[in-house]
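Please consult the sequence and the structure shown below while reading.

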Amino acid sequence: MNVGFVGVGRMGANMARRLKDRGFHVTAVYDANRAVAASLAQELACAACQDLSEVTAESDVIITVVTDDKAMREIFGESGDNLLVNARGKLFINCATLSPQVHVDVEELARKAGAQTLEACMASSITQAREGSLYLMCGGSREAFRKAEPLLQALGSSIRFIGKSGQAAKVKALVNMVMNINTAGLAEGLGLGATLGLDLKMLREVFSQTGAASRVLETDGEDMQNREHACFFSAAHAAKDSGIAFELAHGAGLDLPLARATKEQYDRMVKEGLGELDKSGVAELTFKDRHKHSGDHV
């Protein structure tokens with residue numbers, strides 16, 4: 001099974017390394033940042049493709065990890081260079097967090113080209129991508145899921161088939177919406193605690209043993225206190241993903257004030273040039289003494 005990758009940033013590159021370690025034949029990589037693709041290709045001894053159609057030609061399965069809806073529609077465009085050129089018989093596993101309708105539309109485009117798609121939404125981060133312990137939520141046909149299973153098992157420790165195309169993307173949007181709300185809430189709690197003169201290590205310990213406990217407290221609490229925001233999941237991605245969930249709520253006629261407020265916080269981070277910080281960087285907006293976001297402290 002020859003495997004190609006489109007989008008080899010922090011997540012895609014580590015997924016490719018993981019598959020290489022597990023004995024899969026990674027044949028081609030592509031990224032809008034040509035230097036990134038070339039560096040990874042040299043590391044993995046594979047082709048750094050100049051064209052999307054070349055990735056398809058070199059691969060049986062193509063894993064895509066792109067930035068957003070726009071990028072996804074571009075790589076699966078109906079004209080010019082795109083992944084669907086001579087794609088008959090190929091399988092596309094699409095791992096980015098996208099609007100559900102994009103997955104549905106791409107599945108139909110692939111079907112017309114004689115190919116299959118599977119959405120494999122990831123509820124994990126860079127470390128899990130490298131270790132092969134991703135939590136994967138899959139949507140599409142059962143046939144495509146079965147065909148993808150050997151790869152998925154190498155990449156993930158938990159693999160869940162959600163349903164038809166678009167359904168897994170809905171679940172992922174809700175996962176990230178709740179995660180982002182929890183992150184922003186924790187930043188406010190610690191920010192207020194700091195202003196009240198409380199010991200934040202003690203406060204985090206109390207949180208962990210009470211109703212304030214959360215997975216985000218485990219992963220981000222100490223980072224918020226210490227202003228350590230090395231990026232595992234960027235504020236820019238948090239803004240995008242909160243936006244996907246908010247649009248789903250709007251379409252369903254629901255008002256979600258917490259989701260709206262959280263999105264506004266992450267949008268503010270992006271606007272103030274903090275979008276490439278980890279999502280824990282939302283604490284820079286909530287601690288009283290950090291309002292200037294001093295670059296030498298972040």
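Is Phe 145 buried or exposed? In this predicted model, Phe 145 has a relative accessible area of 8%. Because buried means under 20%, Phe 145 counts as buried.

**Aromatic pairs**

The count of aromatic pairs comes to two. Their geometry is set out in the table.

| Pair | Distance between ring centres | Angle between planes | Class |
|---|---|---|---|
| Phe 76 and Phe 92 | 5.1 Å | 80 degrees | edge-to-face |
| Phe 145 and Phe 161 | 5.1 Å | 45 degrees | tilted |

Phe 145 belongs to helix H7 (residues 142-155) and Phe 161 to strand S8 (residues 156-163), and their pair links distant parts of the chain, 16 residues apart. Phe 76 is found in the loop between helix H4 (69-75) and strand S5 (91-94), whereas Phe 92 is in strand S5, so this pair ties together parts that are 16 residues apart in sequence. Both Phe 76 and Phe 92 are buried.

A ring also takes part in another arrangement: the charged end of Arg 290 sits over the ring of Phe 287, 3.8 Å from its centre.

**Nonpolar cores**

In soluble globular proteins, nonpolar side chains tend to be buried together. Here, the largest nonpolar core has 38 residues. Among those with the most contacts inside this core are Phe 5, Met 15, Leu 19 and Ile 63. Helix H7 gives the most to the core, with seven residues. A second, separate core has 24 residues, including Ala 28, Leu 52, Val 55 and Leu 83.

Leaving aside residues up to four places away in sequence, Ile 63 touches several residues, among them Val 3, Phe 5, Ile 93 and Leu 155.

Note on methods. Residues are numbered from 1 along each chain as its sequence is written. This is a predicted model: local features need pLDDT of at least 70, side-chain atom pairs count only at pLDDT 80 or more; totals for chains, interfaces and linings use all residues. Side-chain values use heavy atoms; hydrogens and water are left out. Rings of Phe, Tyr and Trp (its six-membered ring) pair if their centres lie within 6.5 Å; planes under 30 degrees apart count as stacked, over 60 as edge-to-face and the rest as tilted. Helices (H or I, at least four residues) and strands (E, at least two) are DSSP runs, numbered from the N terminus. Buried means under 20% relative accessible area, exposed over 50%, partly exposed in between (1.4 Å probe, protein chains only). A charge sits over a ring if NZ of Lys or CZ of Arg is within 6 Å of the ring centre and within 35 degrees of the ring normal. A nonpolar core is a set of buried Ala, Val, Leu, Ile, Met, Phe, Trp, Tyr and Cys residues joined through side-chain atoms within 4.5 Å. Contact means heavy atoms within 4.5 Å.
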